[in-house]
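Please read this briefing alongside the sequence and the coordinates. The points are grouped by topic.

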Amino acid sequence: MSLAIRNLNKSFGGIMASSDVNLDIEENETHAIVGPNGSGKTTLIAQLSGIIVPDSGTIHFNGVDITRAPSHRHAHIGLARSFQITSVIMPMTLVENVMMAAQSVSGHSFRFWRPISLERDLRERAMQYLEDVGLKDVSGSEARAVSHGQRRQLEIAMALALNPRLLLLDEPMAGMGKRESGRIVELLAGLKGKMTMVLVEHDMDAVFALADTASVLVDGSIIATGPAAEVRANPEVQRAYLGDLHA
Amino acid sequence: MKPSAPRRVSWGVYGTLFLFLLAAPPVLVWADQPFYMDLLTRVLILSIAASSLNLILGYGGMISLGHAAFVGLGAYSVAIPSYYGIYSGYLHLGIAIAACVLFALVTGAICLRTRGVYFIMITLAFAQMLYFTFVSLEEYGADDGLLIYQRSEFSGLLNLENPGVLYYLAMGVLAGCLGLMNRLIHSRFGRVIVGIRHNEPRMQSLGYNTYRYKLACYAISGAMAGISGFLLGNFTYFISPEMMDWTRSGELIFMVVLGGTGVLLAPVAGTAVFLLLEEILSAFTVYWHLLFGGFLIAIVLFGRGGLHGLVEKLERRNHSR
Ligand SMILES: Nc1ncnc2c1ncn2[C@@H]1O[C@H](COP(=O)(O)OP(=O)(O)OP(=O)(O)O)[C@@H](O)[C@H]1O
Ligand SMILES: [Mg+2]
């Protein structure tokens with residue numbers, strides 16, 4: 001078992017963002033989480049990545065309780081995420097951003113003397129991830145100078161550079177053009193089976209092209225979970241979620 | 001816009017400043033101008049303090065309103081042993097660094113849990129606590145301070161009583177600190193510090209325990225400021241709690257902002273202009289505070305990025321013509 005979530009609850013004032021969430025995700029499985037706006041998908045990801053502490057319940061990752069672990073610990077035990085709202089280091093170049101991630105998981109950073117420019121392997125690895133997400137040509141541009149879609153691609157490169165065993169992706173394709181999102185779907189399809197992935201996504205075609213299993217969140221509760229095709233066919237899901245979307 | 005050409009010109013500005021500082025003492029001795037020699041020595045010593053503040057403020061985004069506390073601690077590290085007849089410069093310097101690192105770690109451990117305006121207020125509060133501690137120490141002169149009768153001794157290696165030796169020592173220490181900072185900000189550690197300044201939550205989720213990195217940076221900066229205080233105590237033969245007052249910390253912030261934050265050499269220019277202008281204006285009119293304040297506001301408002309930013313802007317304009 002890669003990820004085991006038990007009885008997770010989180011409320012903001014009167015809003016139940018997570019309501020008794022139970023979920024098991026197997027090693028190297030790709031699990032999609034779908035649900036209408038405001039149903040608690042991002043809040044769930046935030047709890048899994050240590051940014052929000054749940055009110056009650058537990059989260060185990062590979063048998064280790066990470067419910068209250070600080071977010072900086074996660075990267076080192078193999079858990080990485082991308083943000084729905086792009087969060088990169090704007091005045092740094094794209095390659096510097098990815099190097100920042102690669103540096104984090106290659107030993108400690110209490111090194112005060114050796115210039116980072118001499119760490120060739122960090123740069124090479126960063127360039128490889130940029131190439132994978134299709135940003136090789138703009139690797140030297142500052143993050144604030146590239147398009148919104150390109151920053152979304154950068155998010156993914158940074159998450160991958162942490163070399164995770166569990167990758168949490170919060171609407172990774174949102175805000176990308178058709179060509180870029182096609183490329184990312186292809187990239188994720190290539191990673192499928194090599195690491196555990198939790199994918200929050202609105203684009204149903206992408207979701208069901210990638211996911212082995214899926215869960216549907218409505219008002220903080222999981223109303224259906226199981227193999228992706230079954231979840232898709234579930235009449236309650238059709239009504240509650242898919243119907244809702246096309247209403 | 002080609003970024004390479006204008007940069008060479010700003011190197012020219014700093015190079016000129018460097019040569020000027022290097023060549024000044026013999027000229028000033030020859031012209032018998034000890035006053036200006038003193039002024040430039042102060043520029044060098046306070047440049048070290050301003051540069052150390054630049055490390056946390058400019059690179060790390062930690063706006064401390066208590067930085068003068070470190071300078072004061074450094075100066076008391078000379079004054080108090082001297083009061084007991086201990087003049088070893090090695091010991092003074094050792095105490096200065098140890099005391100500042102300790103003070104930085106203890107206070108930083110608390111301030112760095114806060115952010116923004118809270119951080120500013122808590123650094124201020126700790127510095128004022130230290131200020132009042134020294135005000136209450138009757139043994140060490142309370143708010144009258146302590147006279148330092150003799151400058152630190154370096155086993156006959158350096159005679160600090162010679163103004164030229166103290167001057168070049170200050171210059172050497174400044175160069176050393178800047179060299180060290182230059183290595184630091186391009187190292188792994190430095191990149192993390194800069195990353196934290198721009199997006200701390202993101203750095204955390206990338207796996208950095210940002211608190212520890214900031215604390216280490218805070219201690220390094222405090223130690224550098226302590227060294228500057230060691231030199232300042234020697235230079236003025238005197239220390240009083242007033243040196244730790246928050247207005248002194250405010251002046252240090254101004255020197256950094258005036259020069260340009262987050263630019264390695266800019267605080268040296270900021271300190272030089274700050275002290276020279278203070279001198280010139282106060283000789284020229286009794287209302288100099290007003291003029292000085294006006295000038296500082298103008299620089300901050302119109303020259304975003306301080307004097308460094310201003311020079312760069314002019315260069316760019318010349319270049320595009
Ligand atoms: N920090 C917060 N403070 C107060 N309420 C919050 C906070 N974060 C989320 N919420 C609320 O919790 C609910 C779940 O929000 P969440 O962002 O998890 O939804 P989501 O499924 O990711 O939505 P979307 O599809 O729009 O991204 C919403 O009603 C939201 O308004
Ligand atoms: Mg969301």
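The model is predicted. In chain A there is an open sheet of 6 strands with mixed pairing, and an open sheet of 4 strands whose pairing is antiparallel. The largest nonpolar core has 141 residues, and a second, separate core has 20 residues.

**The sheet of 6 strands**

- The strand order in this open sheet of chain A is E6-E7-E8-E3-E9-E10, and its neighbouring strands are turned by 15° against each other on average, direction ignored.
- Strand E6 (79–82) and strand E10 (221–227) of chain A each have a single partner strand, so that one side of each is left without a neighbour in the sheet.
- Strand E9 of chain A, which spans residues 213–218, pairs with E10(A) in the antiparallel sense over 6 bridges; within this pairing Ser215(A) stands opposite Thr225(A), and Thr213(A) has Pro227(A) in E10(A) as its bridge partner.
- The hairpin formed by E9(A) and E10(A) has 2 residues between the strands, and Asp219(A) in this hairpin takes a positive phi near 50°.

- Strand E1 of chain A (residues 3–12) runs antiparallel to E2(A) and is joined to it by 7 bridges, and Lys10(A) has Ser18(A) in E2(A) as its bridge partner.
- Helix H1(A) packs on this sheet, where it touches E1, E2 and strand E4 (56–61) of chain A, and its direction makes about 120° with that of E1(A).
- Leu44(A) is found in helix H1 of chain A and counts as buried, at 2% relative accessibility; leaving aside neighbours within four places in sequence, Leu44(A) is in contact with Ile5(A), Leu8(A), Val21(A), Ile33(A) and Leu217(A).
- Between Leu44(A) and Met127(A) there are 31 Å in space, C-alpha to C-alpha, and the two are 83 residues apart in sequence.

- Thr42(A) belongs to helix H1 (residues 41–48) of chain A, whereas Gln84(A) sits in the loop between E6 and helix H3 (94–104) of chain A, so the pair ties together parts that are 42 residues apart in sequence.
- Thr42(A) is partly exposed, with a relative accessible area of 32%, and Gln84(A) also counts as partly exposed at 32% relative accessibility.

**Helix packing**

- Helix H4 (residues 120–133) and helix H6 (residues 178–191) of chain A have axes that come within 9 Å and cross at roughly 120°, and the two helices are therefore oblique to each other.
- In this pair, Glu131(A), Asp132(A) and Val133(A) of H4(A) meet Arg183(A), Ile184(A) and Leu187(A) of H6(A).
- Helix H3(A) is mostly covered, with 10 of its 11 residues buried, among them Leu94(A), Asn97(A), Val98(A), Gln103(A) and Ser104(A).
- The cover over the buried residues of H3(A) includes H4 and helix H5 (148–161) of chain A, together with helix H7 (188–205) of chain B.
- Glu155(A) lies in helix H5 of chain A and counts as buried at 1% relative accessibility; not counting residues up to four places away in sequence, Glu155(A) touches Ser82(A), Phe83(A), Ile85(A), Thr86(A), Ser87(A), Val88(A) and, from chain B, Arg202(B).

**The nonpolar cores**

- Within the core of 141 residues, Val98(A), Leu154(A) and Leu188(A) have the most contacts, while helix H2 (residues 34–59) of chain B gives the most to this core, with 15 residues.
- Val98(A) touches Ala126(A), Tyr129(A), Leu130(A), Leu154(A), Ala157(A), Met158(A) and Ala161(A), residues up to four places away in sequence not being counted.
- The second, separate core includes Leu44(A), Ile45(A), Leu48(A) and Phe61(A).

Note on methods. Residues numbered from 1 in each chain as written. Chains lettered and ligands numbered in written order. Predicted model: local features only at pLDDT ≥ 70, side-chain atom pairs only at ≥ 80, totals over all residues. Heavy atoms only, no water. Core = buried A, V, L, I, M, F, W, Y, C linked by side-chain atoms within 4.5 Å. Buried < 20%, exposed > 50% of the residue type's maximum accessible area, 1.4 Å probe, protein only. Contact = heavy atoms within 4.5 Å. Pairing = 2+ DSSP bridges. Axes fitted to C-alpha atoms, helices over the stretch in contact; angles between N-to-C directions. Parallel < 35°, antiparallel > 145°, perpendicular 65-115°, else oblique.
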